[in-house]
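Hello,

Here is the structure for you to look through. Please open it first, then read my notes below.

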Amino acid sequence: MPIAATISKEIYKPHLEVKGGYSLSGELKVSGAKNSALVLMAASLLTEESMRINNVPLLTDIEGMAEILVTMGVKVKRSPSCIEIKAEGLHHAELPYELMAGLRASFFCIGPLLARLGKAKIPLPGGCRIGARPVGEHIKGLKALGAFVNVEHGSVIASIPGARKRLKSAHIVLDCPSVGATETILMAAVLAEGTSTIENAAQEPEVQDLAQMLNTMGANVQGAGGPKITIQGVEHLKGCEYTVIPDRIEAGTFLLAAAITRSCLRVAPLIPEHMSAVLQKLRDCGCILEKDGDGMKIIPGEIRGVDITTQPFPGFPTDLQAPFMALLTTAKGTSIVTEKIYENRMQHVTELQRMGASIRIQGSTAVIEGVPELSAAPVTGGDLRSAAAMVLASLAARGSSKVEGLNHLDRGYAEIENKLNQAGADILRRQQ
Ligand code: EPZ
């Protein structure tokens, strides 16, 4: 292929063309929570009966998880907003590396596979752009429940030793309130013998959603959403129908879209208790927020700088650190943003700087001096939430921006440009 064609092939990638500087109006619709739907799909492996999960968002991560379930012999039927799963034919306890590599959430299958089939072989999810993403807490919990677990040739291999068919109860104290580890242990313990406890458990709404669905299936989980969870093991779980909670991270991203364009918008549905820290920071930086039915109305005032430190729930969520920083680049005054959950979640800083933002980085702390206006530019989202931050910044920047990194963006935001255009944005998705 001639050089020019090669270069041009390299230069043009799918991107969003965003004409910024417009205010928005009307309503932004929030889909079901990605980080709940993914784990609920894995939990469906715990029963051979039919499961129907409603309000499942149309995301590439969801399709990836569905593909993984099918490779294990599970029946999966996808319709626009719900997914039906029947794991009666579950026979395959090994996940193929190729399918796993792009989807960390597939590691959630290890607990259910172990509980259901007594064995599992899952490739290590490995790190990603935002951090090492270790799974030591998952492994520690499974071992405490009586599983034999070792890591070899890049896979985690787990089995229930001897003639035993079930895991046994355990009292586990996590070193860190890991969302994934709490969910893995929950899903392994629900079919174990006896009563297990998890201390220093993650308290995220997605953990609560999982516990609620497990109890609907006949499990006995108490205390989810708090630091100590108690699981009374049962022998069998039945199928059920369940509706996923609204995505608090998408809801926060949309509230920020209103704030950064200084637009009055309604964002719905959302559950305020799932995002108190975010709502507080939006108020602190000058937005009026009013509960309005199943949603929230936001009226931005003069936006001023605030300090943010990401924490496990109920603290400020790491997944909204990048989107909120986009807002702070045009706030009056100075803001300090500190990322405490991941070791490398500041990739959006250089891209925001290309749009005229004034940001200084020291390790995982960014000092942002607000500027009057961002300038449109070609930018790239290096991970899911950085890509969302770039869309927000482009909405505010005067002129036409080009946002690349749609492979990341589409993992976590269903039809984002259609939703924003319905509220008055001017975004075009271009394949090259
Ligand atoms: C979940 O990831 C979410 N993903 C992440 O969302 C989210 O950022 C994260 O929770 C924190 O809220 C899904 O639910 C699919 P963790 P998870 O285990 O479970 C350390 C997004 O953008 N850790 O709570 O992988 C780890 O290094 C994604 O939607 C250990 O040290 O998160 C990290 O620093 C990104 N050992 C911290 O805990 C372990 O065994 C948080 O990780 C596990 C984790």
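Which residues are closest to the ligand, and how many surround it? 22 residues surround the ligand, and the closest are E137, S178, V179, D319 and I341. A residue counts as near if one of its heavy atoms lies within 4 Å of the molecule.

Some ground rules before the rest. This is a predicted model, where local features need pLDDT of at least 70 and side-chain atom pairs count only at pLDDT 80 or more, while totals for chains, interfaces and linings use all residues. Residues are numbered from 1 along each chain as its sequence is written, and side-chain values use heavy atoms, with hydrogens and water left out.

Back to the ligand. The side chain of N35 has an N or O atom 3.0 Å from a ligand oxygen. For the side chain of R104, the distance is 2.9 Å. P134 takes part through a polar backbone atom, 3.4 Å from a ligand oxygen.

Now the domains. The chain is divided into domain 1 (15-31 + 246-430) and domain 2 (34-243). These bounds come from an automatic or database domain assignment. The domain centres, taken over C-alpha atoms, are 31 Å apart.

How many residues are in contact between the two domains? On the domain 1 side there are 23, and on the domain 2 side 19. Contact means heavy atoms within 4.5 Å. Together the domains bury about 1,800 Å², with 51% of it on carbon and sulfur atoms. Buried area is the accessible area (1.4 Å probe) that two parts lose on being put together, summed over both. In domain 1, F313, Y342 and R411 lose the most area to domain 2, together 30% of what that side buries.

The rule finds two salt bridges across this interface. A salt bridge is a side-chain nitrogen of Lys or Arg within 4 Å of a carboxyl oxygen of Asp or Glu. R411 also forms a salt bridge with D61, at 2.9 Å from N to O. On the domain 1 side, α13 (384-396) and α14 (406-412) are the elements that give two or more residues. α14 gives the most, with four residues. Helices (H or I, at least four residues) and strands (E, at least two) are DSSP runs, numbered from the N terminus.

Last, some backbone details. Most residues other than glycine have a negative phi, and most peptide bonds are trans. Look for the exceptions here. A cis peptide bond joins A268 and P269, with omega about -10°. P269 sits in the loop between β14 (265-268) and α10 (276-284). Another cis bond joins F313 and P314, with omega about 10°. P314 is in the loop between β17 (308-309) and α11 (321-328).

R133 is not a glycine, yet its phi is positive, about 55°. R133 lies in the loop between β6 (119-123) and α6 (136-144).

Best wishes

Conventions. Polar contact = N/O pair within 3.5 Å; in protein donor to acceptor, adjacent residues only side chain to side chain.
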